[in-house]
Amino acid sequence: MIQIRQAVYEDIPKIMKFIDEHWKKGHIMGNDRTMFEFQHVRDREVFYIIAEDDVDGRIYGSMGYIPMAEQEHPCMSTVMIQSLDNPGKRMLGEEMARYFERNMQCRNIISVGVEKRYAKVIDALGTNLIGKLHHYYRLGIKRDFRIAKIYHYDQLPITRHKSRLIPLKSFTEFTDLVNLNEIKKDYPERSPAYIEHRYYQHPYYTYKIWGIQGSHGIKSAFAAREEVVGTSKVLRIVDFFGKDTELACIGSEIDRILLDENYEYIDFYCYGIDHNIMDQAGFLLKGPDDPNIIPNYFDPFEQKNVDIYFYSWRKEQVHVYRGFGDQDRPNHPGNKRS
């Protein structure tokens with residue numbers, strides 16, 4: 001009989017084998033244990049649910065997750081839910097989700113990167129919020145675009161402020177300079193330990209973290225990452241911590257970074273931030289009538305627009321960013337950071 005249970009450390013090889021055989025051959029999470037453990041293991045605790053035959057040990061379904069804080073009842077981000085046809089013809093995807101809801105005791109479950117065609121299935125599970133991340137971008141002054149395809153060049157005016165972007169090159173700088181009490185007010189809360197692991201300790205990616213310094217210190221920060229194609233590069237904001245309104249104050253600093261680093265553009269997939277705030281910062285909303293192509297896929301690179309859908313188990317005033325879950329991870333092993 002198929003039983004649904006929490007995975008243990010010794011299950012990792014067969015979970016990875018299941019991913020490689022039934023998700024996608026060659027998938028990084030099925031072939032790179034460093035990446036698997038970085039994303040789904042803390043102190044040998046494995047953040048995975050499996051549906052397993054209790055006689056022969058065969059896996060028929062799996063669901064990964066990532067706690068976003070170490071507090072009681074944290075928010076969780078779920079990833080890579082997969083189930084196979086099985087002898088009992090059970091709805092294992094739904095059963096694993098129900099098991100997760102009963103046993104994890106989390107405040108909310110957020111999944112980024114769900115396929116639009118699964119919306120009805122998600123609805124059947126009782127999900128209250130299914131949405132699409134808004135895609136914002138700010139073009140640089142260069143006109144020789146190679147990563148983006150720009151058919152209509154436009155620059156919104158920015159609201160100028162005295163706020164400055166301060167590089168936080170180490171986690172020590174982050175904890176020393178950022179008002180962590182303000183960061184904790186963000187929802188979903190990402191704890192300092194989560195931020196350190198996710199953005200300062202990534203085995204392959206190097207993230208740039210900036211704090212927004214206003215007249216009362218640093219109450220907000222964001223994480224971003226460069227993408228390079230040939231001789232061109234862009235910057236992608238993947239996560240934000242703190243007060244939304246402070247984003248309205250960084251337009252001139254964004255333009256400075258665009259110029260200093262010669263980026264084609266800076267973009268930001270997000271949900272829950274008021275459009276007027278992004279407008280004041282000079283970011284254009286990539287809407288259906290916008291002819292420009294601002295790519296999402298870089299590994300491998302595909303010059304096309306991509307919509308990113310998500311669900312939130314509970315309908316709350318939630319913020320969702322591209323950096324949640326596994327939407328900003330490598331697809332292929334690379335050189336480990338020293």
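User: How many disulfides does the count come to in this structure?
Analyst: This is a predicted model, in which local features need pLDDT of at least 70 and side-chain atom pairs count only at pLDDT 80 or more, while totals for chains, interfaces and linings use all residues. Residues are numbered from 1 along each chain as its sequence is written, and side-chain values use heavy atoms, with hydrogens and water left out. A disulfide is taken as a pair of cysteine sulfur atoms within 2.5 Å. By this rule the count is zero.

User: Is C270 buried or exposed?
Analyst: Buried means under 20% relative accessible area, exposed over 50%, and partly exposed in between, with a 1.4 Å probe and protein chains only. The relative accessible area of C270 is 1%. C270 is therefore buried.

User: What arc do the buried residues of α3 cover around the axis?
Analyst: Helix α3 spans residues 33-40, and its buried residues are M35, F36, F38, Q39 and H40. They lie on the same side of α3, because the arc they cover is only 165°. The arc is that of the directions from the helix axis to the C-beta atoms.

User: Which backbone oxygen does the side chain of H40 reach?
Analyst: H40 is placed in helix α3 and counts as buried, at 0% relative accessibility. Its side chain makes a polar contact (a pair of N or O atoms within 3.5 Å; within protein, one must be able to donate a hydrogen and the other to accept it, and residues adjacent in sequence count only if both atoms are side-chain atoms) with the side chain of Q39, at 3.0 Å. At 3.2 Å, the side chain of H40 also reaches the backbone oxygen of Y65.

User: At what angle do helix α1 and α3 pack?
Analyst: Helix α1 covers residues 12-22, and its axis is 11 Å from that of α3. The angle at which they pack is about 105°.

Methods
Helix = DSSP H or I, 4+ residues; strand = E, 2+ residues; numbered from the N terminus. Axes fitted to C-alpha atoms, helices over the stretch in contact; angles between N-to-C directions.
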